[in-house]
Amino acid sequence: MAQPASRMTIRQIAGLAGVSIATVSRVLNGRDDVAPETREAVRQIIREQGYTANRSARGLSAGRTGLVGVLVPLVFPAYFAGILAGAAEALSERDLQIVLSPTGGEHDREVSLLDRVHGLTDGAVIILPEESSEELEFLVDRGYRFVVIDPLMPLDDRIPSVSAANTAGADQAMRHLLDLGHRRIAQITGPKGWVATEERRRGYRGALAAAGILPDPELEVEATPEIDAGREAAGYLLDLPNPPTAIFAFNDNTAVGAIEAARARGLHLPADLSVVGFDDVEHATIATPKLTTVRQPLAEMGRTGVSLLMRLLEGQRFETLHVELATRLVVRESTAPLRGD
């Protein structure tokens with residue numbers, strides 16, 4: 001006998017069909033990225049169990065719209081796409097609809113879009129927001145529920161956030177280079193004041209201190225997280241009278257730029273120069289040589305942001321509003337032991 005529809009959940013349907021919750025959600029939403037035999041198997045279970053996805057009734061009974069805003073600077077770069085994919089999948093599993101709002105990384109546009117989303121949705125996930133902590137605190141005071149993923153600037157403790165373990169990741173990268181025998185290690189940082197920049201700088205300097213090495217200001221260069229900027233910054237470092245033997249770039253784009261700058265100067269990587277990045281996006285595996293980098297759990301950051309938002313909407317209590325996910329060094333081909341003279 002079919003179980004009453006009110007008792008059946010997507011999770012139970014997935015268990016009976018032997019598929020993931022995400023697959024059931026795709027079938028219910030009519031998406032075509034499910035194998036025909038799998039789609040039919042899920043539909044058969046749905047028919048047998050009498051499941052009905054009554055979103056309207058559920059939304060009305062809970063006083064919600066069933067819509068969640070996701071604000072992101074850009075959709076197409078691999079970094080943002082990774083976070084977005086995780087958030088979208090988590091929302092789909094909960095039968096919630098995403099209101100996607102690319103901000104272009106422009107403060108005024110973000111303010112305008114967030115104001116609109118505030119009036120349309122139950123809550124929001126905001127990725128790398130341009131707004132200040134004070135502006136976001138105003139939303140908290142108005143009762144709007146949202147979670148920040150990868151804060152750009154420091155936030156008030158009342159603002160829920162999800163981030164990666166930047167300091168620990170930088171420490172792993174530096175210890176790897178130090179273990180390879182490098183002592184003159186340069187850093188290509190992000191813009192000063194950014195949360196990720198300062199935390200990774202802390203890891204860089206902490207690892208040097210633990211090895212008894214004083215930081216050299218000449219080896220610390222700031223750059224925007226772009227390939228061209230990384231190429232320019234690395235060019236400056238490699239043209240020094242006493243250039244570094246290794247470069248730790250604070251993101252994969254600048255690391256790729258550093259590789260290009262080294263190759264343009266006739267250097268062989270990693271024999272003449274070791275390079276480490278941070279993020280582990282697609283550039284890392286298509287670069288030549290393949291990039292040693294610190295992996296951020298991008299999709300998991302998106303999923304965790306949605307999970308935290310759902311708990312906020314349900315009024316659950318928290319021990320902490322701030323979640324930091326572990327990073328991991330991935331060693332590939334762009335690093336090698338220091339070559340002896």
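Colleague: Which residues of α9 are buried?

Modeller: This is a predicted model, so local features need pLDDT of at least 70 and side-chain atom pairs count only at pLDDT 80 or more, while totals for chains, interfaces and linings use all residues. Residues are numbered from 1 along each chain as its sequence is written, and side-chain values use heavy atoms, with hydrogens and water left out. Buried means under 20% relative accessible area, exposed over 50%, and partly exposed in between (1.4 Å probe, protein chains only). For α9, the buried residues are V195, A196, T197, E199, R200, R201, G203, Y204, A207 and L208.

Colleague: What covers the buried residues of α9?

Modeller: Contact here means heavy atoms within 4.5 Å. Helices (H or I, at least four residues) and strands (E, at least two) are DSSP runs, numbered from the N terminus. The cover includes one helix, α8 (166-179). It also includes the strands β5 (161-164), β6, β7 (220-222), β8 and β9.

Colleague: How far does α9 reach from its first C-alpha to its last?

Modeller: The expected span of a helix is 1.5 Å times one less than its number of residues. With 16 residues (195-210), α9 is expected to span 22 Å. The model comes close to that, at 23 Å.

Colleague: Which residue takes a positive phi just after α9?

Modeller: Look just past the end of the helix. The phi there is about 75°, and the residue is G212.

Colleague: What is the hand of the β-α-β unit made by β6, α9 and β7?

Modeller: β6 and β7 run parallel, joined by three bridges. T189 pairs with E222 in β7. A crossover is right-handed if, with the strands pointing away from the viewer, the path from the first strand over the helix to the second runs clockwise. The unit of β6, α9 and β7 is right-handed.

Colleague: How many of the residues of β6 are buried?

Modeller: Take the faces in turn. On one side, I185, Q187 and T189 are buried. On the other, A186 and I188 are buried as well. Of the five residues of β6, the buried ones number five.

Colleague: How many bridges join β6 to β8?

Modeller: Two strands pair if DSSP finds at least two bridges between them. I185 stands opposite A246, and I188 has A249 as its bridge partner. β6 (185-189) and β8 run parallel, and the number of bridges is four.

Colleague: Which helix does the chain cross through from β8 to β9?

Modeller: Three bridges join β8 to β9 (274-279), and the two strands run parallel. A246 has S274 as its partner in β9. The crossover between them is right-handed, and its helix, residues 252-264, is α11.

Colleague: Are A246, F248, I247 and A249 of β8 buried or exposed?

Modeller: A246 and F248 point one way from the strand. I247 and A249 point the other way. On both sides, these residues are buried.

Colleague: Which strands stand at the edges, each with a single partner strand?

Modeller: Six strands form an open sheet with parallel pairing, in the order β2-β1-β3-β4-β5-β11. The two edge strands each have a single partner, so one side of each is left without a neighbour in the sheet. They are β2 (97-102) and β11 (322-325).

Colleague: At what angle to β1 does α6 run?

Modeller: Axes are lines fitted to C-alpha atoms, for helices over the stretch in contact, and angles run from 0 to 180 degrees between N-to-C directions. Helix α6 (107-120) lies across β1, β2 and β3. Its angle to β1 is about 170°.

Colleague: Which backbone atoms does the side chain of T327 reach?

Modeller: T327 sits in the loop between β11 and β12 (328-330), and its 9% relative accessibility is why it counts as buried. A polar contact is a pair of N or O atoms within 3.5 Å; within protein, one must be able to donate a hydrogen and the other to accept it, and residues adjacent in sequence count only if both atoms are side-chain atoms. Another, at 3.4 Å, is the backbone nitrogen of G169.

Colleague: How far apart in space are Q49 and P217?

Modeller: Q49 lies in helix α3 (36-49). Along the sequence, Q49 and P217 are 168 residues apart. C-alpha to C-alpha, the distance is 67 Å.
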